[in-house]
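Student: I have a structure to go through. Can we take it step by step, in short questions?
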Amino acid sequence: MVTMVVAMGDSNEIGFNNQLLWHLPKDLKHFKEITSGHPVIMGRKTFESIGKPLPNRTNIIVSGKKDWFEEGILIVGSIKEAVKFAKKIDEEVFIIGGGKIYEQTMQIADRIEVTRVNGSFEADTFFPEIDGKVWAKTDESCFEADEKHAHSFCFQTFEKIKTEDL
Ligand SMILES: NC(=O)c1ccc[n+]([C@@H]2O[C@H](COP(=O)([O-])OP(=O)(O)OC[C@H]3O[C@@H](n4cnc5c(N)ncnc54)[C@H](OP(=O)(O)O)[C@@H]3O)[C@@H](O)[C@H]2O)c1
């Protein structure tokens, strides 16, 4: 199973200046819970934005740059290679961004775990449209804003509609 994990605003915005657009502790906890113990695939820019390997997960970084090395990560030259390595490690594979990687992996993903943050944010990076003809929302739980969360948000699960179900 290949699962994309993303947090996005009302217009599918996900990032600005190589940073996230909000700080939502419940979302970070949710991300950690669903990805821990599994390989995570990300683009080089997202890795740089996080700044260090995510613990308890094999971090697979996609980059076209040659001859760089960082401790604790696996660097690969294509998404195909990333998925091939990840599937050797575990059946559950997570794709965690950013925009460039999401654009190229919508086709191969089986599931999307979305955090839909209610609000409009200045952004330079976006998640692709989730086509209702291709994806079905199978789960949703919502949370109000509070002193630790400046925005209300919902955790949503989308599953790719199997052609045999049509
Ligand atoms: N809200 C969220 O859930 C979320 C999640 C993740 C990231 N983000 C945000 O998204 C932004 C980063 O996204 P981004 O689109 O700028 O960058 P990105 O997708 O993280 O990384 C892009 C880089 O990945 C490499 N790459 C992409 N496709 C490749 C391919 N087919 N073959 C080889 N290498 C490939 C290239 O690295 P090289 O240049 O090294 O060749 C490219 O420059 C940040 O603002 C971050 O905070 C948000």
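**A buried residue and a ligand site**

Student: Is N59 buried or exposed?
Tutor: This is a predicted model. N59 has 2% relative accessibility. Buried means under 20%, so N59 counts as buried.

Student: In which strand does N59 lie?
Tutor: The strand in question spans residues 59-62. N59 lies in β4.

Student: Which residue has its backbone nitrogen 2.7 Å from a polar atom of the N59 side chain?
Tutor: Leaving aside neighbours within four places in sequence, N59 is in contact with V40, M42, P53, L54, G72, I73 and L74. The backbone nitrogen at 2.7 Å from the polar side-chain atom of N59 belongs to L54.

Student: Now the ligand. Which element supplies the largest share of the shell around the ligand?
Tutor: The shell holds 27 residues. β1, β2, α2 and α4 each supply at least two of the shell residues. The largest share is five residues, and they come from α4.

Student: How far is a polar side-chain atom of S63 from an oxygen atom of the ligand?
Tutor: S63 is among the closest residues to the ligand, as is R44. For R44, a side-chain N or O atom is 2.7 Å from a ligand oxygen. For S63, the distance from a polar side-chain atom to a ligand oxygen is 2.6 Å.

Student: What percentage of the ligand's exposed area does the protein bury?
Tutor: Taken alone, the ligand exposes 940 Å². Of that area, the protein buries 83%.

Student: Which pocket is the space taken by the ligand?
Tutor: Look at the space that the ligand takes up. That space is the largest pocket.

Notes. Residues are numbered from 1 along each chain as its sequence is written. This is a predicted model: local features need pLDDT of at least 70, side-chain atom pairs count only at pLDDT 80 or more; totals for chains, interfaces and linings use all residues. Side-chain values use heavy atoms; hydrogens and water are left out. Helices (H or I, at least four residues) and strands (E, at least two) are DSSP runs, numbered from the N terminus. Buried means under 20% relative accessible area, exposed over 50%, partly exposed in between (1.4 Å probe, protein chains only). A polar contact is a pair of N or O atoms within 3.5 Å; within protein, one must be able to donate a hydrogen and the other to accept it, and residues adjacent in sequence count only if both atoms are side-chain atoms. Contact means heavy atoms within 4.5 Å. A residue is near a molecule or strand if one of its heavy atoms lies within 4 Å of it. Accessible areas come from the Shrake-Rupley method with a 1.4 Å probe; for residues, only the protein chains shown count as cover. On a 1 Å grid over the protein atoms alone, a cavity is a set of points where a 1.4 Å probe fits but cannot get out, and a pocket is an open set with protein on both sides within 12 Å along at least five of seven lines; lining residues have an atom within 4 Å of a point. A molecule sits in a cavity or pocket if more than half of its atoms lie within 2 Å of its grid points.
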